Amino acid sequence: MAEKRITKKEYFAMVAGIVEQANPTNKEELLAFINHEVELLEKKSAKSGQTKTQKENVGIMETISEALADMGKPVTITELMKDERLSAYSNQKLSALVRQMPNVVKTTEKKKSYFSLVDTE
């Protein structure tokens, strides 16, 4: 089994421990630098989240789910585009989003892909 990788934050903690034990002449400056770098790492990780496009895509996926529920049968992406709520989106965008959705199942018949909601019964 692969070992757990050490993060930058953990490395900085190790370096801080070494600086504490070594007692160099500029100990306070080194510790301040290490703490500053750790703060920058924490700030960076706090910022990472969903982008604007990813947030929009979540809304589009909900609309796709509603449209598939309303249609009640397996449909192609082209048929899905005919729904007025989804007509503004391209075939490629809808296809990519539908494939990401865990509640949608794809069936293929004569080289044509049909999508429908997974039965939850």
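I started with K111, and I found it in the loop between strand 1 and strand 2. This is a predicted model, so I kept the confidence values for a later entry. Phi of K111 is near 65 degrees, which is a positive value in a residue other than glycine. Is K111 buried or exposed? Its relative accessibility is 84%, so I noted K111 as exposed.

Next I looked at K110, which also has its place in the loop between strand 1 and strand 2. Phi of K110 is positive too, near 50 degrees, and again the residue is not glycine. I wrote down K110 as exposed, with a relative accessible area of 82%.

**Confidence**

The protein chain has a mean pLDDT of 86, and 97% of its residues reach 70 or more. Where is confidence highest, and where lowest? Helix 5 is highest, at 91, while helix 2 (residues 27-47) is lowest, at a mean of 86.

**Helix 3 against helix 5**

I then turned to a pair of helices. I was reminded that two packed helices are described by the angle between their axes and the distance between the axes. For helix 3 (residues 52-71) and helix 5 (residues 91-100), the axes come within 10 Å and cross at roughly 80 degrees. An angle from 65 to 115 degrees counts as roughly perpendicular, so helix 3 is roughly perpendicular to helix 5.

Which residues meet here? From helix 3 I listed N57, I60, M61 and I64, and from helix 5 K93, L94, L97, V98 and Q100. I sorted the residues of this contact into six nonpolar, two polar and one charged.

**What covers helix 5**

I found four buried residues in helix 5: L94, S95, L97 and V98. Their cover includes helix 3, helix 4 (77-81), strand 1 (104-109) and strand 2 (112-117).

**The cores**

I looked up the largest nonpolar core, which has 15 residues. I64, L80 and V98 have the most contacts inside this core. Helix 3, helix 4 and helix 5 each give two or more residues to it. Which element gives the largest share? Helix 3 does, with five residues.

Leaving aside neighbours within four places in sequence, L80 is in contact with I64, A67, L68, M71, V75, L86 and V98. Apart from this core lies another one, of six residues, including F12, V19, L31 and V38.

Technical notes
Residues are numbered from 1 along each chain as its sequence is written. This is a predicted model: local features need pLDDT of at least 70, side-chain atom pairs count only at pLDDT 80 or more; totals for chains, interfaces and linings use all residues. Side-chain values use heavy atoms; hydrogens and water are left out. Axes are lines fitted to C-alpha atoms, for helices over the stretch in contact, and angles run from 0 to 180 degrees between N-to-C directions. Angles under 35 degrees count as roughly parallel, over 145 as roughly antiparallel, 65 to 115 as roughly perpendicular and the rest as oblique. Contact means heavy atoms within 4.5 Å. Ala, Val, Leu, Ile, Met, Phe, Trp, Tyr, Cys and Pro count as nonpolar, Asp, Glu, Lys and Arg as charged, and the others, Gly among them, as polar. pLDDT is the predictor's confidence in each residue, from 0 to 100. Buried means under 20% relative accessible area, exposed over 50%, partly exposed in between (1.4 Å probe, protein chains only). A nonpolar core is a set of buried Ala, Val, Leu, Ile, Met, Phe, Trp, Tyr and Cys residues joined through side-chain atoms within 4.5 Å.
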